[in-house]
Amino acid sequence: MHAIHLSRLGRVALHTSSVRGARAVNNAPRALVNGKWEAVVGLEVHAQIDSRTKLFSGKWAYKCVVGNYATKDVNSLVSLVSVFALSIPDIVQRACEHQCVRYRRSVPRRVASECHGRSIRRSTCVDLAVMTALALKADVHLRSSFDRKHYFYPDLPQGYQITQHYEPISTGGLIALTELDGVSYPLEVRVEQLQLEQDTGKSLYDMVPGITLVDLNRAGTGLMEIVTRPDMRCIVVRGGIGGEEDAGTAAVCWIVEWEYGRGGCAFGSMRCDVNVSVHEVDTPFGTRCELKNLNSVRFLTMAIDAEVRRQIEVLEQGGTVMQETRGYDVVAGKTFRLRSKETAPDYRWIQRLFTLSLFAGNENLSEIVSARLRAGKIGKDVLAVMIDGDVRPAAEIVEEKGWHVVGDAAELRKVCEDLVANNKDKVSRCTFFTSAGLVHPCARCLTSFRKPRLIR
Amino acid sequence: MHPFRLSRAASSLSPLFHFDSSIHHRAERAVRQQNLDPNHRAIPMPILDTRARPTLCTTTTPWWPRRQSLTDDGKMVGDFHRRYILVTDTFFLLSLGNQLSSLDGVPVAVKDNFCTTRISSSCGSAILKDFTSPYDATVVHLLRKARAVVMGKTNLDEFGMGSANIYSTFGPVYNPHDLGKGQGLGSPSERRVAGGSSGGSAAAVASGMCFAALGSDTGGSVRLPASYCGIVGFKPSYGRCSRWGLIAYANSLDTVGLLARTVRDAEIVYDIISEHDDRDPTSMPIDIRKHVDAITPGFESITGDLEDLTGLRIGIPQEYFVSELAPAIVQLWRDGIAHLRDRGATIVPVSMPNTRHALSAYYVLASAEASSNLARFDGLRYGHRSDKGSFKNDTLPYADTRTEGFGPEVRRRIILGTYVLTAGSYKNYFLQAQKVRRLVQEDFDHVFLFPNPVHHHPLPTDTSSGVHVLLTPAAISTAPKLQDCFPSADETSNAKNPVDAYVGDVMTVPASLAGIPAIVVPFGASPLDGYPIGLQLMAQYGDERTLLRVAATLERR
């Protein structure tokens, strides 16, 4: 289980734990609609990486700019758009192209990630992706590669998106949800892969009537796409808004929590595509439909419910569900078709355009990863300690350092306030919010605490 | 070299240049700043000998209007856009003062697919017709830093796609040797092409307009026009010169190349522009450069004499004797072999069996990469945008813009490239072409004496039969007639279909696939039509030193 072995493709994969099937783990009673239908949900989460620079160009990423987006004037907006994002000809990408000649490193580099012939020196995007992968208990591939995915759309300035579809930075992984997360039974959601990719621009439909504006400030920022296996089951809740009981939502929330914990993306810069299908118990999975353009967790839940209801209706009337991509109409409370399988674009992949190689500073990375804590979550700093070379389980580390597990909102607030009061000279900025924002600024001023499950 | 006479011929000649209106101002300022004491010469300048100057300055009347009529708002750029210009006596004055670098004050032309700030970069295409780049390409920046004068931008095949420089929005480029023959340009049926895709650069250098010109070589785009126009065309190893600012056609094949009249001139410009650039990730890193330079010993004769090639092994690849080779070319190839053998080189016949697949692999890969790189031209942010209002149509928003903006050859290659990347054809075409490419690279590694310095697993070379350089012709014929390049309805043309033109690249493409350096040296003219023929030398990756050394000997005919 802790072995390092060369996979068939010659990549070194670090296996940390065997991942059991979701069905075996989820011994909970099946959540059945109408007595026989079970809804199966898989997620594709696109999370924006909180890095200062964009993934491949040197420009500042969108979030770095202070201020209210709505009040910014055009000139300052334009400043964020790199020449690369505009894809002004010619932009040779910083992180490489199809290369005629592949350079072999004559001198090994210390902890860095490198793309062929070019080192992204301690790229935040890559670091955070690796940390997220470790948090998901996934297999981090020391060698992964980027592909180009081509399609034409105004918010895609280059006509292609650089993504990692075929050889992502990590595969496998697990999101373990418990009752504390709001699901009614303990659930393990398997993760298919985690990949780095470029974000597109943003299309604004409502600002000027009849015209679509394209905001390219976001184009080129690093995104993490986490694709889960269809391990989530959800029940149609009366009233249509069942945030707490939706395992899908819970998984999303967990990811958001985790992002927080490691200082990752801010809430709201995350998009989700959902794959929903319906089947009867003990029959093979039904045809899945993809739901896109869901911009908030609430819409996610409502859209899943609507789609499940629609599919059940179709099947009960004897029809078949077509494989489609659908959007969600909030007003009508129904999903509608965006495009069908026939009109699905051929992305004309250029595969393995360039590779990303990760080099560990010391050889103990494998041991660290394999000795990782399997149950429960790991606080950010515990993880940092482990990556630095400590191989003991997280619980031991916590105890040894005298860190205290904080499990309650009020207690957390008190701890924060105390700490701030005691260390006024060290705290540069600390603001308290009553909801999701609470922990995030605290993370900056506190040096250690175990991240609670508070964030919803 | 015939000095180029302007007068009435100017207006009837095909477009070569975009006019850089700021030259005049900068030249005047430079002259004022110069210390005009001829004794203060910092660097001995072999290039400022009588070979270079008269063709530029002294024999022709300045056709350029005087300073008073120049306006500063760029209007002159539009008025004199794409006309011939000539360097005035100002440059003669520049040369008298302090020479701060080897290219100080020297006029250089730049192919139009390099991004420049002061002049538009159109890539010969309607879709970028008035596009001005916000930044300079690195090689252009290096030339400017060396105080070379970027005279203007030269015409090219659209986006670098073509072998005869006939596919350009601004019209075809004619071979300057037309003029020397006294035929003038009277008869359209007699005009010959300059070669592509750097035809404008080659014609500019060949006709004496500038000292050297930058070009881009993807499949022979610098070497082929050099052969047709009778000048030196040099393509360094892939990664030696930065591609930052070179508008991409095929990323893994594009190389910045040079055109000049002699090998020494090419070497001077090459020394300026071959620097590592952080912004280009495919640029050879500095430690790799040092490593490569250290382990390729190159070739130096014992006596040090340029004429002595004892110890040099020259390979003649048998597979390059294709049936399309004109007899005049074969004869000149043999003459070249004899020329080198007479100077002491050892001639070795070698075999590179995968050469016959190289051309198809090249066109598959280049078209696929082109379809990807040209996907960004949708008219939304810059460039031509169609008025037809096709944006209202969700499924085909860019079709009109791209159809109007791209020429026929570009459209052909984009569609071809898109096809080979579709899901059904990817394995059969693109992946296969990649494998063939690997085989072609291995062919070269087998024949060269020294192992490839950057391959992960350098193949063991047979030292008894290894060679330093390879010698082949650069093209299968002399410069073709213009009408033979366009298939015509009545049977006056020899061209059958556009793909026939691809066979013209067969000599130059394998070196591009392998990324190895190659140089074309003019070696004489065809006895039939009198047009120049060039011979191509190829060396192992990173071995520019040997290549330039042997090329210098070869051009001394």
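Predicted model: local features only at pLDDT ≥ 70, side-chain atom pairs only at ≥ 80, totals over all residues.
Visitor: How many salt bridges does the structure hold over all chains?

Guide: Side chains of opposite charge can pair when their charged atoms come close. Over all chains, the structure holds 18 salt bridges.

Visitor: Which residue forms a salt bridge with Asp273(A)?

Guide: The partner is Lys292(A), and the closest N and O atoms of this pair are 3.2 Å apart. The bridge links distant parts of the chain, with Asp273(A) in strand β16 (residues 270–280) and Lys292(A) in strand β17 (residues 289–294), 19 residues apart.

Visitor: Is Asp273(A) buried or exposed?

Guide: Buried means under 20% relative accessible area. Asp273(A) has 7% relative accessibility, so Asp273(A) counts as buried. Lys292(A), at 22% relative accessibility, counts as partly exposed.

Visitor: What are the closest N and O atoms of Glu324(A) and Arg337(A) apart, and where do the two residues lie?

Guide: Glu324(A) and Arg337(A) form a salt bridge whose closest N and O atoms are 3.6 Å apart. Glu324(A) is in strand β18 (residues 324–329) of chain A and Arg337(A) is in strand β19 (residues 334–340) of chain A, so the bridge ties together parts that are 13 residues apart in sequence.

Visitor: Which relative accessible area does Glu324(A) have, and how does Arg337(A) count, buried or exposed?

Guide: Glu324(A) has a relative accessible area of 10% and is buried. Arg337(A) counts as exposed, at 52% relative accessibility.

Visitor: Which residues are linked with Glu324(A) and Arg337(A) in a network of salt bridges?

Guide: The network of salt bridges links Glu324(A) and Arg337(A) with Glu307(A), Arg310(A) and Arg326(A).

Visitor: What is the N to O value for the salt bridge of Arg223(B) and Asp217(B)?

Guide: In chain B, the side chains of Arg223(B) and Asp217(B) meet in a salt bridge at 2.9 Å, N to O. Arg223(B) is buried, and Asp217(B) is buried too.

Visitor: Where is Met207(A) found, and is Met207(A) buried or exposed?

Guide: Strand β12 of chain A holds Met207(A). Exposed means over 50% relative accessible area. Met207(A) is at 54% relative accessibility and therefore counts as exposed.

Notes: Residues numbered from 1 in each chain as written. Chains lettered and ligands numbered in written order. Heavy atoms only, no water. Salt bridge = Lys/Arg side-chain N within 4 Å of Asp/Glu carboxyl O. Helix = DSSP H or I, 4+ residues; strand = E, 2+ residues; numbered from the N terminus. Buried < 20%, exposed > 50% of the residue type's maximum accessible area, 1.4 Å probe, protein only.
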